[in-house]
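Colleague: Please take me through one part of this model closely. Then connect that part to the rest of the chain.

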Amino acid sequence: MINIVLILFSAVFAILIIISAIYFLVYFQHPDDKWVAWVPKVVVVSGLSLAAFNIFLLPLDVGNQSGQLVATGEIPMGKITLAFYIMSVLMVVVGVPFTVFYYEGADDNDESDEKKSNASQIGYALKWLIPTLIFAGAIVGVMYWQVGYADIPTTRVTGKFTEGFDLTFDYCALASDGTASVFHSPFCQMQAGYNHPWVSWLVYVVAMVSLIGWVIFSVFGGVGLISLPYDLLCEFQNRPKPITSAQYAEQKKAIGQQAELLMEVGKQLNEELRNSYRSGSRFNRRFRKLRAREAEFRKDVLILEFHYRRLEECYKQQGGNILLQYLKLVGACVGTVLSLMWIAHICIYLLPYILKMTPFSSFLNSFFETVSPVPFIGTAFYALFSFYLLLCVIKGNSKLGMRLFFITIHPLRIGETMMNSLVFNTGVILLSSLSVAQFCTLAFGRYAKYTASNSLFGVQIQNLRGVQYAYDAFIFMLLAFAGVTMAYNIYRPYKKQRENR
């Protein structure tokens with residue numbers, strides 16, 4: 001029987017997600033972007049909505065399945081799940097890159113002093129997008145033609161089943177004392193092996209894009225698991241304090257001198273970039289060095305802007321909003337608990353699982369199985385744990401972006417974020433949502449049993465020939481980057497990092 005309540009609940013939830021995405025855009029966008037740049041705004045709202053839908057597909061799938069082998073809700077979750085992931089892939093490989101290239105075309109226009117029409121910017125975007133898609137599509141096509149199937153471990157059970165048989169139970173094994181029990185039968189045989197089904201090309205494309213998302217998630221997510229609560233706590237400890245007018249004047253003068261130096265450097269760098277654009281040499285070593293210097297210059301500007309805003313907050317607002325500062329403390333405490341629980345769950349459940357061992361404990365799986373029957377509560381806790389991972393990815397991106405010249409930084413600042421930065425962060429969030437959805441499906445294997453998400457991620461994609469071990473390696477990478485970040489924060493405390501800036 002179709003679950004009408006579940007369908008209505010999902011429809012209302014989808015509307016709330018779209019409204020939240022619009023609010024996010026309005027809250028963060030720069031005043032110069034109001035009532036203009038509608039296409040990028042559609043990309044941002046659509047991308048953020050799809051990212052949230054990808055995360056919430058699992059609890060919807062669990063509600064539709066109700067823990068049974070045959071879905072009780074009769075909602076075709078397999079088709080719905082794959083459709084949303086395909087739309088996400090299209091947005092990641094077409095929508096977001098086209099918008100980014102379009103803005104780069106506008107930047108080239110400014111830097112080369114050549115007045116170009118809107119059609120010319122579209123041509124610039126297509127010039128870079130189409131060859132990239134053809135090249136990437138050819139590689140994925142060849143891989144699918146050669147190894148487009150999964151190596152799924154299976155167990156063939158031969159014998160007479162009795163009442164109470166459970167597909168997840170080792171039915172043919174004997175009890176610990178060597179005798180048969182109610183759920184152990186010596187009258188059947190088990191034979192381990194592999195099935196090698198050819199997966200759909202749509203599933204294979206989702207898997208390849210998700211693989212890129214796993215790289216971002218394992219690196220940035222691992223850094224963010226430690227950096228997010230740590231930086232929130234340090235920002236509370238080093239929150240702005242009221243200063244006198246004399247201190248304000250002295251510090252403002254120092255910032256002004258640094259700003260003048262940056263302006264001179266910026267003019268010189270801009271002139272060198274213009275000459276490089278006019279000469280048409282964009283792929284030589286000199287141009288790459290100029291781009292690296294430009295990235296470093298942008299980071300210096302961001303740091304100076306941070307110090308100026310902090311100075312204004314210390315003097316004109318006499319320390320700023322104290323409520324906001326204590327909210328950072330609350331966020332640090334909640335983030336610390338969530339990070340510790342995620343790391344503990346990975347160590348005691350997920351790592352033994354991928355190493356073909358018996359997990360030490362089901363941990364969060366038991367928690368979700370307990371709270372999921374309660375309306376809204378199970379979904380709320382699932383959203384808390386899963387969206388926290390996306391926040392960690394964003395934090396890790398900004399954290400590494402300030403230290404590695406080859407990572408472009410696009411900070412999210414309330415009311416000051418330009419549209420290209422919003423589009424970039426939307427692409428990162430949407431791409432990471434695919435890997436986070438897969439990660440949550442694996443991490444909450446008992447909670448997600450029999451679901452379409454588990455069939456797609458846990459069975460087909462997780463066992464694809466040639467890449468099945470990569471997914472396991474990414475989980476170790478996640479923990480490794482978390483450990484390195486923790487060691488870095490111990491070796492270089494927050495105050496020392498600030499001074500070195």
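Modeller: In helix 9, Leu364, Asn365, Phe368 and Val371 are buried. Buried means under 20% relative accessible area, exposed over 50%, and partly exposed in between (1.4 Å probe, protein chains only). Helices (H or I, at least four residues) and strands (E, at least two) are DSSP runs, numbered from the N terminus. The four cover an arc of only 140° around the axis, so they sit on the same side of helix 9. That arc is taken from the directions from the helix axis to the C-beta atoms. An α-helix has 3.6 residues a turn, so residues three or four places apart point the same way.

This is a predicted model: local features need pLDDT of at least 70, side-chain atom pairs count only at pLDDT 80 or more, and totals for chains, interfaces and linings use all residues. Residues are numbered from 1 along each chain as its sequence is written, and side-chain values use heavy atoms, with hydrogens and water left out.

Now the partner of this side. Phe444 touches Leu364, Asn365 and Phe368, among others including Trp342, His345 and Tyr382, not counting residues up to four places away in sequence. Contact means heavy atoms within 4.5 Å.

Next, the loop between helix 8 and helix 9 (364-371). Lys356 is placed there. Lys356 is not a glycine, yet its phi is positive, about 65°. At 73% relative accessibility, Lys356 is exposed.

Tyr450 lies in the loop between helix 11 (419-443) and helix 12 (452-460). Tyr450 is partly exposed, with a relative accessible area of 24%.

Last, the whole chain. The secondary structure comes to 14 helices and 2 strands. Of the 501 residues, 43% count as buried. Among contacts between residues at least 6 apart in sequence, 78% join residues at least 24 apart.
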